[in-house]
Amino acid sequence: MKPAMARFVGTVVLAAALAACGGELDQTFLRDQTPIIPREILFGNPEKISAQISPDGSMISFRAPVNGVMNVWVGPAADPDAATPITHDTGRGIPNYGWAYTGKHIIYVQDLHGDENWRAYSVNLDNGETVDLTPLAGVQARFQETHPDFPDEALIGLNDRDPRLHDLYRVNINTGARELVLRNEGFERFITDSDFNVRFGGRFTRGGAFELHQPSGDSGWELWQSWGLEDSETTFGLFFDETGRTLYMMDSRDRNTAAFVAVDVETGEKTVIAEDPLADFDDVMYHPRDHHIEAVAFYYDRKNWRLLDESLADDFEYLADVADGDFEVTSRSLDDRRWVVQYTMDVSTPRYYLYDRDRGEATFLFSIQPILDEWQLAKMHPVIIESRDGLNLVSYLTLPIWADQNEHGRPQRPVPLVLNPHGGPWWRNFWGLSTTHQWLANRGYAVLSVNFRGSTGFGKEFLNASTGEWAGKMHDDLIDAVRWAVDEGITHPDSVAIMGGSYGGYATLVGMTFTPDDFACGVDIVGPSNIVTLFESFPPYWGPRIERWVARVGGDHRTEEGREFLLSRSPISFVNRISKPLLIGQGSNDPRVNQAESDQIVAAMVEREIPVTYVVFPDEGHGFGRPENKMAFNAVTEAFLSRCLNGKIELIGDDFQGSSITVPAGAEYVPDLAQAIGQ
């Protein structure tokens with residue numbers, strides 16, 4: 001059935017059911033009649049994404065598939081449909097790219113099978129030539145600075161000399177020739193100015209404090225400012241203005257929520273530009289040439305822009321009415337006359353427009369996945385959940401459309417729920433279209449994403465409440481959210497699954513071991529099982545950050561006492577408590593959470609004859625980037641959840657085609673999995 005017809009039939013069925021029941025909709029009937037959105041539509045390649053305008057405003061670029069692999073396309077701004085691919089990757093696809101200030105080069109990065117050893121490339125649009133700017137195996141490139149005054153160059157960090165530290169190089173984007181600018185002697189990050197001068201080096205110290213040092217006259221370094229652990233996640237330097245005298249910063253010192261501030265680096269005088277009592281500084285919009293500040297955004301449950309430059313008032317007023325949802329200017333020409341504007345919504349895919357400021361007119365470019373917009377999608381409801389000790393947990397709830405006909409965020413009868421903790425953990429959930437939420441809601445589950453303590457964006461007191469609380473109060477917040485959902489009639493206490501990636505995977509394993517009675521099953525994606533071995537296996541270039549991790553998690557793996565504490569918060573120590581079905585997904589090349597983290601808990605479960613299904617992708621890293629692998633794992637997950645929570649299911653079918661999926665253990669515990677992999 002075609003998507004548009006499926007939507008029409010679904011609407012007719014709902015109307016018929018309403019009439020037959022005298023106005024009382026039967027959830028079971030509606031669930032059974034709601035069309036399944038194919039995984040191919042939900043998790044396949046976007047049709048187009050990542051639109052950008054060239055520096056002179058004449059060209060449009062975006063990422064789109066070429067034979068199923070994401071590449072960069074470029075075409076005239078006046079006729080985006082005439083765009084053609086200028087990269088020709090046939091492997092993992094290109095995840096990120098940008099325009100060089102020459103206006104005739106595209107720069108992009110790519111790693112090998114998810115190992116995060118990014119290499120930088122430059123494509124000349126005039127002749128199609130691609131230059132490997134960092135042709136070094138096992139070395140990670142980090143872009144530091146580009147500027148219109150140096151259009152043929154980029155400042156790039158490389159850890160080729162010492163895998164722990166990134167030295168800074170000035171790299172010619174035409175030839176790849178590079179010149180050493182700074183030998184890194186122990187800094188985790190640098191702040192540079194528009195002249196490519198290194199102005200500050202930043203590093204964490206023992207106890208999790210953070211220091212900013214500036215170069216001294218004798219080629220050494222001197223301390224400029226420092227702040228303690230309580231501010232280390234919510235205070236840091238961002239960028240300089242064009243004069244090189246003003247450093248813009250996110251700053252939570254002497255306050256709770258981080259403000260956007262300007263600091264005179266010569267006098268140290270600080271000026272607060274914008275602040276919010278509920279949320280930290282989230283985003284800034286500044287002129288592409290002179291860097292004067294135009295607008296600042298804060299994000300509590302939705303993104304809220306605060307206009308500072310009144311010359312943009314007409315632009316903002318007009319753009320607010322172009323489309324529904326939250327808008328953001330994602331790319332601008334150097335003369336600031338043309339903008340690419342993205343609109344984020346919860347019930348349709350993000351849309352891009354090209355805005356001409358001279359004409360005061362926005363022209364639609366494309367929707368990321370227009371075929372998905374032909375299906376009826378479920379609303380994402382921001383909700384505030386109070387933790388047992390009084391913290392406000394900003395969360396997002398999505399219900400099946402048939403269970404939320406009035407869009408009030410409460411079902412007629414309880415439905416199964418999937419709790420979906422985010423990764424990081426120093427990250428957060430956002431409002432907008434989530435294919436994970438839409439997928440699970442379409443299969444009949446409520447989906448709840450909770451910004452538990454430690455999530456960023458809600459002030460340093462909220463973040464610091466997580467210190468030492470892995471598997472402690474951070475997990476209590478998740479349990480409190482589940483109990484809230486039960487009390488609100490959203491779900492039954494025996495119909496809750498937990499599923500997450502990275503820290504969310506760890507939270508899943510904690511749920512299976514620390515609170516096994518609270519969850520019916522769990523899906524762990526690249527989650528650590530042993531915090532000691534996690535710390536010991538961090539990639540070398542995370543070495544400068546280890547003091548931050550030790551201080552935040554609350555135990556030092558280098559001491560006997562610290563190891564004992566970390567093991568007391570590690571799921572591997574409590575494998576014998578696992579009593580519910582568990583699915584684990586892992587990439588073999590994961591540099592952040594080594595495959596050993598999954599291997600060891602699977603081995604411990606197999607040794608104790610505890611059922612577990614283990615899925616491994618040899619060509620993936622921290623998460624699953626190839627659409628074929630993402631499709632394959634989600635097919636397994638869907639079958640797993642269906643057996644656990646009795647949700648709707650699209651059969652695995654040919655969703656393993658082109659995937660590198662392997663199942664070292666437990667294929668027999670997931671419906672049709674053994675047959676699909678030929679066991």
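Tutor: The model is a predicted one. Asn96 is found in strand S5, residues 96–99.

Student: Which residues does Asn96 contact, leaving aside its neighbours within four places in sequence?

Tutor: Asn96 is in contact with Tyr108 and Val109.

Student: Why does Asn530 count as buried?

Tutor: The relative accessibility of Asn530 is 9%, and the limit for buried is under 20%. Asn530 therefore counts as buried. Its place is in the loop between strand S33 (521–525) and helix H9 (531–536). Not counting residues up to four places away in sequence, Asn530 touches Leu567, Ser570, Ile572, Glu597 and Gln600.

Student: Which residues touch the most other members of the largest nonpolar core?

Tutor: They are Leu419, Leu448, Phe535 and Trp549, in a core of 87 residues. Helix H7 (residues 473–487) gives the most to this core, with 7 residues. Among the residues that Leu419 touches are Leu448, Leu478, Val482 and Phe519. A second, separate core has 39 residues, including Leu645 and Phe656. As a general matter, nonpolar side chains tend to be buried together in soluble globular proteins.

Student: How do you know that H7 is roughly perpendicular to H8?

Tutor: H7 and helix H8 (residues 503–513) pack at an angle of about 75°, with their axes 11 Å apart. Angles of 65 to 115 degrees count as roughly perpendicular, so H7 is roughly perpendicular to H8. Where the helices meet, Met474, His475 and Leu478 in H7 face Tyr503, Ala507, Val510 and Gly511 in H8 as contacts.

Student: How many aromatic pairs are there, and why is the pair of Tyr352 and Phe366 called tilted?

Tutor: The count comes to 42 aromatic pairs. The ring centres of Tyr352 and Phe366 are 5.0 Å apart and their planes are at 50°. Planes under 30 degrees apart count as stacked and over 60 as edge-to-face, with the rest tilted, so this pair is tilted. The pair links distant parts of the chain, with Tyr352 in strand S26 (residues 351–356) and Phe366 in strand S27 (residues 361–367). Both Tyr352 and Phe366 are buried.

Student: What makes the pair of Trp427 and Phe430 edge-to-face?

Tutor: The planes of the Trp427 and Phe430 rings are at 70°, with the centres 5.7 Å apart. The limit for edge-to-face is over 60 degrees, and the pair is therefore edge-to-face. Trp427 is partly exposed, with a relative accessible area of 48%, and Phe430 is partly exposed, with 33%.

Student: Which residue lies over the face of Phe430?

Tutor: Arg428 does, at 5.0 Å from the ring centre. Elsewhere, Trp426, Phe452, Trp470, Tyr503, Tyr506, Phe535, Phe538, Trp542 and Trp549 form one aromatic cluster.

How values were computed: Residues are numbered from 1 along each chain as its sequence is written. This is a predicted model: local features need pLDDT of at least 70, side-chain atom pairs count only at pLDDT 80 or more; totals for chains, interfaces and linings use all residues. Side-chain values use heavy atoms; hydrogens and water are left out. Helices (H or I, at least four residues) and strands (E, at least two) are DSSP runs, numbered from the N terminus. Buried means under 20% relative accessible area, exposed over 50%, partly exposed in between (1.4 Å probe, protein chains only). Contact means heavy atoms within 4.5 Å. A nonpolar core is a set of buried Ala, Val, Leu, Ile, Met, Phe, Trp, Tyr and Cys residues joined through side-chain atoms within 4.5 Å. Rings of Phe, Tyr and Trp (its six-membered ring) pair if their centres lie within 6.5 Å; planes under 30 degrees apart count as stacked, over 60 as edge-to-face and the rest as tilted. A charge sits over a ring if NZ of Lys or CZ of Arg is within 6 Å of the ring centre and within 35 degrees of the ring normal. Axes are lines fitted to C-alpha atoms, for helices over the stretch in contact, and angles run from 0 to 180 degrees between N-to-C directions. Angles under 35 degrees count as roughly parallel, over 145 as roughly antiparallel, 65 to 115 as roughly perpendicular and the rest as oblique.
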